[in-house]
Amino acid sequence: MFDPHLVKKDFPILSRVIENKPLVYLDSASTSQKPQSVIDAITNYYANSNANIHRGVYTIAQEADAAYEATRESVKTFINAKSTEEIIFTRNTTEGINLVAYTWAEQNIHEGDIIIVSALEHHSNLIPWQQVAIKKNARLEVIPLSRNPETPYLLDMEWLKKYLTENKSVKLIAITHASNVTGTINPIKEIASLAHSLGSAKILIDGAQSAAHLPIDVQDFDCDFFAFSSHKMLGPTGVGILYGKKNLLEEMPPFLFGGDMIREVHQRDATWNDLPWKFEAGTQNIADVIAFKEAITYLTNLGMENVRQHDQKLIGYARAKLENIKNLKLHIPKNDTDMTGVISFAISGIHPHDIAEIFNSENVCIRGGNHCAKPLMESISVPATARISFSVYNTEEDIDIAIEAIMKAKKIFNIS
Amino acid sequence: MDLYAENILDHFQNPRNHGRLDKPTITVDDANPLCGDKLVLDLTVENSHIKEIGFDGSGCAISQAAMSILTEEILHKSLTDAESFSKDELYKLLGVAISPARVKCALLGYTLLKKAIILLKHQAQ
């Protein structure tokens, strides 16, 4: 294990004090803070090696090129992909998912086919599939939440088994690894195995909420696609990663057309570059990709097993405190092990937006709202939730301050 | 904290003109998709004056209190007066500083009222 108090010191923003109150950041599910090493890497690239990649013969261009591709190598190791050909840089998770929707789904989803998503999806892994279904006259099905009171906020796996057994035209299961609202970790390895054994469906994982919290092994999961974002895992914004199995990526047409993604170009036609560059058209977000390597290094040095343990410790600590607060309802699974460090809650008589506002008066950053998961809000029958979420720099003291903010909110609204 | 002044909390927890009307001349509704504030507003109009007003809704204290305060203000007013009622006048009635992030909450009821008046004018034509 590591000491989060020491980790905190590596993140300059966390030493900010506003109106005499230290900044307490509990919104890492939205975006994480960045360690000094990531910030320095951005500056260093622009100060010393700024040049376009895959083109120049001069020294700084070669440096930029090597640094950019070194991040790809780091990502490959971090998620245990077979090869760097399977690692595509995008802008964010959403773009990775759209890439698959516009290319693979364009070729492989036909009228009458079925796409399955889950009740826990962020809009980013729902709307693209709604659009594919509309365009292709395909059907969109939703794995519901379990109705068993013993397993709240977990998916109904029996429903999925039954559905896959009875319906043979399921072509894709697009599912989040971990919910950005309830923290629920979905059994994606089991779902991938069901998808592949009960039919021929492919599985796409939205890893936006899991990559910074859980060890990721795409070969072990046996997933076909895995999309995630740098900015939620201590890296810069503007960098997403799409992993895809090589044989699938090879068959897929390009997503965006233009420079760098081509092999041969004639006046009236062209052929495509090798993987992964076939999917990286135009000048890329070079500085941020290069700096992202430092984020991976930071997490790897902490050790993802340790990161997971730290997350579990904070969940347990927060749950014990929150459960004792009157008129507060938690919207999370019963077992800490079923979730990542994302805790949604509601207080009767105070709207989540007001809770977040009062937290802000204590310089504590949390989110109140529907968290880009409106259908999920309907499933759990709330208009919105307040959400605290953790990262490696959060401490038990941060949670104590959050609890005080909850008490302050209850006092202002005169709630017992 | 200033935002949750007595006035705001009072209107949030004891909203005036709360509840739907039986036979409204017009009904309008709207929601803030980001935070989930919802409001529905009923008006009955006689001789170009707002005779009755009622609303229902759910959401943050600012959105609900601002609606309640607004209904008190415009009840029995002429449509012309209600139409010329400005945002600044509403902010003055709220009496608290509204940060940019909360403007949409504060103005949800206000935009509903304006929508109702535009629709009433169309009906009249």
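## Contact between chains A and B

In this predicted model, 13 residues of chain A are in contact with 12 residues of chain B, two residues being in contact if their C-beta atoms, placed from the backbone, lie within 7 Å. On the side of chain A that touches chain B, at least two residues each come from α13 (352-361) and β16 (367-369) of chain A. Here helices (H or I, at least four residues) and strands (E, at least two) are DSSP runs, numbered from the N terminus.

With five residues, α13(A) gives the most to this side of chain A. By residue class, the side of chain A that touches chain B holds five nonpolar, six polar and two charged residues. Ala, Val, Leu, Ile, Met, Phe, Trp, Tyr, Cys and Pro count as nonpolar, Asp, Glu, Lys and Arg as charged, and the others, Gly among them, as polar.

## Domains of chain A

Chain A is divided into domain 1 (4-26 + 303-412) and domain 2 (42-300), with bounds from an automatic or database domain assignment. Their C-alpha centres lie 28 Å apart.

## Contact between the domains

Within chain A, 25 residues of domain 1 are in contact with 25 residues of domain 2. On the domain 1 side, two or more residues are given by each of α12 (304-323), β14 (342-347), α14 (374-379) and β17 (385-389) of chain A. Of these, α12(A) gives the most, with five residues. The domain 1 side divides into 11 nonpolar, eight polar and six charged residues.

## Basis of the model

Residues are numbered from 1 along each chain as its sequence is written, while chains are lettered from A and ligands numbered from 1 in the order in which they are written. As the model is predicted, local features need pLDDT of at least 70 and side-chain atom pairs count only at pLDDT 80 or more, whereas totals for chains, interfaces and linings use all residues.
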